[in-house]
Amino acid sequence: MTEALNLILSYRKHLEMKLDPMRYEHSLSVSFTCVNLAMRYGCDLEKAELAGLLHDCGKRYSDDIILKKCKKHGIAFTEEEEAVPAVLHANYGAWLAEHKYGITDPEILSAILYHTTGKPKMGMLEKIVYIADYIEPRRFKASNLPEVRKLAFKDLDETMYQILKGTLTYLKKRGGKMDPVTVEAFEYYAWLHRERKTDI
C-alpha cells in the first residue's frame, strides 16, 4: 500500500508541474470520483485512482500540437479523430501513461484511451473513468448533472446511456462533429437501455 501511495503522490507532483491549475484540479477530482465509484462497484481502487489521475495527462497542449505529437510518436488515430482533434488528447494521454509514467496495465491504458469517446461494451474501469470525468464535483455546465450523479451510483450502463445521449444532443444543437466511436457507443448503450426496459 505504501508503494502504491508513493507512486500516486509522485504522479501528482509531476502532473501539478505539467498541467494548468484547473486541469490539475480536475484530474484530482476525477481520480477521487473514480475511487468512490470503484468502492461502490467492487473495482480495483488503485487502478481506478491511477486511471482517473492520468486520464488527462495528455491535455497539456493545444489540439494542433497534440496532433503533431501523435504523428511524431507514431500514435494511432483515425481520420475521424483527426477531424475532431479535441478527442486526440486521450490517444496521446494513453501513450504518455505507458511511455512516460510506466503504466503497463491494459485496463488502465484503455480507460484513458476511451475516456472522451466511449465505445461499445466498455469494461467496468473504462465506464468508471468515463463517468467520473463527467460527474466530478468541479463540473457544473450539464443541466442533468444532479440526476446523472445519483444514477452513477446505481447503474453504470444506464449512466453511460444518459451521458452519451446528452453529449450527442448537445453536439447536434451546436452543429459539432461527432466521432463515429461515440455514435457507436451511444447506439450500443441505447440498445442495452431498450433491452433492459423490455425485461422489466
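1. His55 sits in the loop between H3 and helix H4 (63-72); helices here are DSSP runs of H or I of at least four residues, strands are E runs of at least two, and both are numbered from the N terminus. The model is a predicted one, in which local features need pLDDT of at least 70 and side-chain atom pairs count only at pLDDT 80 or more, while totals for chains, interfaces and linings use all residues. Residues are numbered from 1 along each chain as its sequence is written, and side-chain values use heavy atoms, with hydrogens and water left out.

2. Is His55 buried or exposed? His55 is buried, with a relative accessible area of 0%. The classes are buried for under 20% relative accessible area, exposed for over 50%, and partly exposed in between, using a 1.4 Å probe and protein chains only. Not counting residues up to four places away in sequence, His55 touches His26, Ser27, Val30, Ile112, His115, Val129 and Asp133, where contact means heavy atoms within 4.5 Å. The side chains of His55 and His26 make a polar contact at 3.1 Å. A polar contact is a pair of N or O atoms within 3.5 Å; within protein, one must be able to donate a hydrogen and the other to accept it, and residues adjacent in sequence count only if both atoms are side-chain atoms. Between His55 and Leu113, 58 residues apart in sequence, the C-alpha to C-alpha distance is 8.0 Å.

3. The overall fold has 11 helices and 0 strands. The radius of gyration is 16 Å, close to the 16 Å that the globule rule gives for 200 residues, so the protein is as compact as a globular protein of that length. That radius is taken over C-alpha atoms, and the rule is 2.2 Å times the number of residues to the power 0.38. Along its principal axes the C-alpha trace spans about 45 × 40 × 30 Å. Of contacts between residues at least 6 apart in sequence, 59% join residues at least 24 apart.

4. Of the 200 residues, 47% are buried. The protein exposes about 10,700 Å², and carbon and sulfur atoms supply 54% of that area; accessible areas come from the Shrake-Rupley method with a 1.4 Å probe, and for residues only the protein chains shown count as cover.

5. In soluble globular proteins, nonpolar side chains tend to be buried together. The largest nonpolar core here has 56 residues, and those with the most contacts inside it are Leu15, Leu37, Leu54, Ile103, Leu125, Ile131 and Tyr189. H8 gives the largest share of this core, 8 residues. Such a core is a set of buried Ala, Val, Leu, Ile, Met, Phe, Trp, Tyr and Cys residues joined through side-chain atoms within 4.5 Å. Beyond four places in sequence, the contacts of Tyr189 include Lys119, Lys121, Asp157 and Leu164.

6. Glu126, in helix H8 (residues 124-135), is buried at a relative accessible area of 8%. A polar atom of the Glu126 side chain lies 2.6 Å from the backbone nitrogen of Gly123. Glu126 also touches Ser110, Ala111, Tyr114 and Lys119, not counting residues up to four places away in sequence. Glu49 lies in helix H3 (residues 45-54) and is buried, with a relative accessible area of 18%.

7. The whole structure contains 0 disulfides, a disulfide being a pair of cysteine sulfur atoms within 2.5 Å. Cys34 is in no disulfide, and its nearest cysteine sulfur, that of Cys43, is 8.7 Å away. Cys34 is buried at 0% relative accessible area, and Cys43 counts as buried at 15%.

8. Lys121 has a positive phi of about 55° although it is not a glycine. Most residues other than glycine have a negative phi. Lys121 is in the loop between helix H7 (106-113) and H8 and is exposed, with a relative accessible area of 63%.

9. Two further positions concern helices H2 and H11. Pro21 lies in helix H2 (residues 21-41) and is exposed at 63% relative accessible area. Trp191, in helix H11 (residues 180-199), is partly exposed at 40%.
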